[in-house]
Amino acid sequence: MAKYFDVHPENPQQRTIGKVVDDIRSGALVAYPTDSCFALGCQLGNRDGLDRIRTIRNLDDRHHFTLVCQNFAQLGQFVHVDNDVFRAIKAATPGSYTFILPATKEVPRQLLHPKKKTVGVRIPDHVVTQALLAELGEPLLSSTLLLPDEDEPLTQGWEIKERLDHVVDDVVDSGDCGTKPTTVIDFSSGEAEIVRRGAGDTSRFE
């Protein structure tokens, strides 16, 4: 059974955040809120967690996983960003965007797109997510909590606990965080290509 953590949306309880992060470091797969719906997340090197996300979401090896980063300095350790792209991403973060970029050697091979050697990165504008990332001290390996054959992500913590009780370890609930996933911008060619229109405004990339 999954543990259920009720976290204050504006003033997350540090003790609770610490318990969740301890679980993540121990190999847990967590469902957690972001600024654009719930996500599944685990520690970067957690191979079992990665496989579990693939199973829950029925994903193939071409799916872009996302490294959810606390800040721009952390993001820069995991992807190559040239000057023009740097300015575009910096202006849009933190926010509801995922950027696809060439990965550095810091990114485990199994996370990379098999042909492009790219990975998704984002910096969320969400108090609870940021509290988890600050405590963890590294990015969360993540994917939107969208179940196979469903059009919208799960958005209620109690429902996630009910439906995924035996396949995730922790559910972090800080209230409704919407059903729109991030806007995805592919910068791997150096030019902005809008892959998915979601919660983030796309006009700055068109």
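Trainee: Leaving out residues up to four places away in sequence, which residues does Thr-202 touch?
Mentor: First, this is a predicted model, with residues numbered from 1 along each chain as its sequence is written. Local features need pLDDT of at least 70, side-chain atom pairs count only at pLDDT 80 or more, totals for chains, interfaces and linings use all residues, and side-chain values use heavy atoms, with hydrogens and water left out. A contact means heavy atoms within 4.5 Å. Not counting residues up to four places away in sequence, Thr-202 touches Thr-183, Ile-194 and Arg-197.

Trainee: Is Thr-202 buried or exposed?
Mentor: Thr-202 sits in the segment after β10 (193-196). Buried means under 20% relative accessible area, exposed means over 50%, and partly exposed is in between (1.4 Å probe, protein chains only). Thr-202 has 10% relative accessibility, so it counts as buried.

Trainee: How many helices and strands does the chain have?
Mentor: Helices (H or I, at least four residues) and strands (E, at least two) are DSSP runs, numbered from the N terminus. On that basis, the chain has 6 helices and 10 strands.

Trainee: What share of the residues in the chain is buried?
Mentor: The C-alpha atoms fill a box of roughly 45 × 35 × 30 Å along the principal axes. Of the 206 residues in the chain, the buried share is 54%.

Trainee: Which helices and strands do the buried residues of α5 pack against?
Mentor: Helix α5 covers residues 127-136, and its buried residues are Val-128, Thr-129, Ala-131, Leu-132, Leu-133 and Leu-136. An α-helix has 3.6 residues a turn, so residues three or four places apart point the same way. The buried residues of α5 pack against α1 (14-25), β2 (30-34), β3 (37-43), β4, β7 (140-144) and β8 (170-173).

Trainee: Thr-66 is in which strand?
Mentor: Thr-66 is buried, with a relative accessible area of 11%. Aside from neighbours within four places in sequence, its contacts include Thr-98, Gly-120 and Leu-140. Its strand, residues 66-68, is β4.

Trainee: What is the phi of Cys-37, which is not a glycine?
Mentor: Cys-37 lies in strand β3 and is buried, with a relative accessible area of 1%. Most residues other than glycine have a negative phi. Cys-37 has a positive phi of about 80°.

Trainee: And what is the phi of Asp-149?
Mentor: Asp-149 is in the loop between β7 and α6 (157-163), and counts as exposed at 84% relative accessibility. Its phi is positive too, near 65°.

Trainee: What is the omega of the peptide bond from Thr-93 to Pro-94?
Mentor: Pro-94 is in the loop between α4 and β5 (97-102). Most peptide bonds are trans. The one from Thr-93 to Pro-94 is cis, with omega near -5°.

Trainee: How far is the backbone nitrogen of Val-85 from a polar atom of the side chain of Asp-82?
Mentor: Asp-82 lies in the loop between α3 (72-75) and α4 (83-92), and is partly exposed at 42% relative accessible area. A polar atom of its side chain lies 3.2 Å from the backbone nitrogen of Asp-84. For the backbone nitrogen of Val-85, the distance is 2.9 Å.

How values were computed
Polar contact = N/O pair within 3.5 Å; in protein donor to acceptor, adjacent residues only side chain to side chain.
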